[in-house]
Amino acid sequence: MSYKNVLVGIDGSRQAKFAFYKAAEIAKANQAKLHLLAVINGQKFPDSTPQGYGFADNSIYQPAIDEMKNQLSELEQTAKDSGINQVETSVMIGNSKEELAVFYPQQHNIDMLVVGATGLNSIGRLIVGSTAAYCVRVASCDVTVVKTDNSNKPIDIKKSVHR
């Protein structure tokens, strides 16, 4: 069995970086295209409904978009330097769970999704749930949840905070 399109979710956490390295190895071993996706949680379009308050536009996300584009650019170069010929990067605004598990995979024929075990602290997981768990339940492709570093030693969650 081989994979053609490997997707990895990038959120700035240490877990996501370890997921990137493992996804890159999978892509390289399969001569697959590596997709790097960062999702800024938010509304895709300004919303004028009472729930959306009608005053926000997508420009409020620009600093986060710029930061994620910089991170993805660095990871893209790392992937290319390691011998991966096809790398696609994308930053989206939306629901990270849905974008990672459903929408992006459907639009890009993803057959392997790689995510870090968690990018949130324990309170965040309790409130919003785990993106990784959602992806395992909902994605129609294979999903690898990365819980270890490059030496296959467990990732220290306490050190794994966003930059």
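Predicted model: local features only at pLDDT ≥ 70, side-chain atom pairs only at ≥ 80, totals over all residues.

User: How many helices and strands does the chain have, and in what order do the elements run?

Analyst: The chain has five helices and five strands, and from the N terminus on they follow one another as β-α-β-α-β-α-β-α-α-β.

User: What is the order of the strands in the sheet?

Analyst: Two strands pair if DSSP finds at least two bridges between them. Here the five strands make an open sheet with parallel pairing, in the order β3-β2-β1-β4-β5. The edges are held by β3 (87–94) and β5, each with a single partner strand, so one side of each is left without a neighbour in the sheet. From one strand to the next, the twist averages 20°.

User: Which strands pair with β4, and over how many bridges?

Analyst: Strand β1 (residues 5–9) runs parallel to β4 and is joined to it by three bridges, with Val8 having Val114 as its bridge partner in β4. Strand β5 (residues 142–146) also pairs with β4 in the parallel sense, over five bridges; there Leu113 stands opposite Val143, and Val115 stands opposite Val145.

User: Is β4 buried or exposed?

Analyst: A residue is called buried under 20% relative accessible area, exposed over 50%, and partly exposed in between (1.4 Å probe, protein chains only). In strand β4 (residues 112–116), five of the five residues are buried, so the strand is largely enclosed by the rest of the structure. In a regular strand the side chains alternate between the two faces of the sheet. Both faces of β4 are covered, with Met112, Val114 and Gly116 buried on one side and Leu113 and Val115 buried on the other. For the chain as a whole, buried residues make up 42% of the 163 residues.

User: Which residues touch the most other members of the largest nonpolar core?

Analyst: A nonpolar core is a set of buried Ala, Val, Leu, Ile, Met, Phe, Trp, Tyr and Cys residues joined through side-chain atoms within 4.5 Å. The largest one has 29 residues, of which Val6, Val8, Leu34, Leu36 and Val114 touch the most other members. The elements giving two or more residues to this core are β1, α1 (14–30), β2, α2, β3 and β4, and α1 gives the most, with seven residues. Apart from this core lies another, of 16 residues, which include Leu37, Leu100, Tyr104 and Cys135.

User: How many aromatic pairs does a search of the whole structure find?

Analyst: Rings of Phe, Tyr and Trp (its six-membered ring) pair if their centres lie within 6.5 Å; planes under 30 degrees apart count as stacked, over 60 as edge-to-face and the rest as tilted. The search finds one pair, formed edge-to-face by Phe20 and Tyr21, at 5.1 Å centre to centre and with 65° between the planes. Phe20 is buried, with a relative accessible area of 1%, whereas Tyr21 is partly exposed, at 31%.

User: Where does Asn109 lie, and what is its phi?

Analyst: Asn109 lies in the loop between α3 (96–108) and β4, and its phi is near 50°, a positive value in a residue other than glycine. Asn109 is exposed, with a relative accessible area of 58%. Asn152, in the segment after β5, also has a positive phi, of about 60°, although it is not a glycine; Asn152 is exposed, with a relative accessible area of 54%.

Methods:
Residues numbered from 1 in each chain as written. Heavy atoms only, no water. Helix = DSSP H or I, 4+ residues; strand = E, 2+ residues; numbered from the N terminus. Axes fitted to C-alpha atoms, helices over the stretch in contact; angles between N-to-C directions.
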